[in-house]
Amino acid sequence: MDILKTKDLKKYYGKDETVVKALDGVGLSVSDGEFAAIVGTSGSGKSTLLHMLGGLDRPTGGTVEVDGKDIFSLKDDELTIFRRRKIGFIFQSYNLVPVLNVYENIVLPIELDGNRVDKGHMDSILETLGLSGKTDRLPNQLSGGQQQRVAIARALAAKPAIILADEPTGNLDSKTSLDVMGLLKVTSERFAQTIVMITHNEEIAQTADRIIRIEDGRIVGERHVQGK
């Protein structure tokens, strides 16, 4: 079953002879439980694509379906609620709230939605990511790698249909990057979590089940990672 689908997705800036086609007719599908990496150089359109997949920006044309819902058929306030419930985000800059501790940062999206925290699920996430003994710490008491683990935990906690990861190792050194990617892969498998990640790093992309390549706003190729 496809949890994510796009059809003829376009994002243009400007018009006539000055038009910039950031996305130019992207068709993409991601299966439930799949870990897909979208790779491309700077300016290829991968960040624009991720913003469209997450409903953070509206397209010039085309559709995005998440969990069977055409997200751009929703009004802005409806889209905000849908995004909070169905889409988890992991950003390069972590985006943790500095005055909240680890636990409070993780459960924030759940509490904003007025829902109760699933303690068993939370304990499993904390154990998997090695955060069980760090829940009372503030973000500035953690290393970069630990902060990114908190961001991963926050994305998983609400049991979203899909997690979108935007260069999740961009601010980390190479060893920590590989550690974080290993954890991301483990969480994908343990929680049957669908993940779509963008990266310019070919080595990082090898962690995924499938690598999708984008150039000049178009999908130009894809391949399954050997042995997966």
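User: Which residue of β9 does A36 stand opposite?

Analyst: It's a predicted model, to start with. In it, A36 stands opposite R210 in β9.

User: What makes β3 and strand β9 (residues 210–215) a pair?

Analyst: Two strands pair if DSSP finds at least two bridges between them. Four bridges join β3 to β9, and the two strands run parallel, so they pass that test.

User: And how do you know that β3 pairs with strand β8 (residues 195–199)?

Analyst: By that rule of at least two bridges. β3 and β8 have five bridges, in the parallel sense, and V39 stands opposite T199 in β8.

User: Why is strand β3 (residues 35–39) called largely enclosed?

Analyst: Buried means under 20% relative accessible area. Five of the five residues of β3 are buried, so the strand is largely enclosed by the rest of the structure. F35, A37 and V39 point one way, A36 and I38 the other way, and all are buried.

User: Over to the helices. Why are α4 and α5 called roughly antiparallel?

Analyst: The axes of α4 (residues 119–128) and α5 (residues 144–157) cross at roughly 155° and come within 10 Å. Angles over 145 degrees count as roughly antiparallel, and α4 and α5 are therefore roughly antiparallel to each other. Their crossing is right-handed.

User: Which residues meet there, and what kinds are they?

Analyst: H121, M122 and I125 in α4 meet A153, L156 and A157 in α5. The contact divides into five nonpolar residues, one polar and no charged.

Methods. Residues numbered from 1 in each chain as written. Predicted model: local features only at pLDDT ≥ 70, side-chain atom pairs only at ≥ 80, totals over all residues. Heavy atoms only, no water. Axes fitted to C-alpha atoms, helices over the stretch in contact; angles between N-to-C directions. Parallel < 35°, antiparallel > 145°, perpendicular 65-115°, else oblique. Left-handed = near helix turned anticlockwise from the far one by under 90°. Contact = heavy atoms within 4.5 Å. Nonpolar A, V, L, I, M, F, W, Y, C, P; charged D, E, K, R; others polar. Buried < 20%, exposed > 50% of the residue type's maximum accessible area, 1.4 Å probe, protein only.
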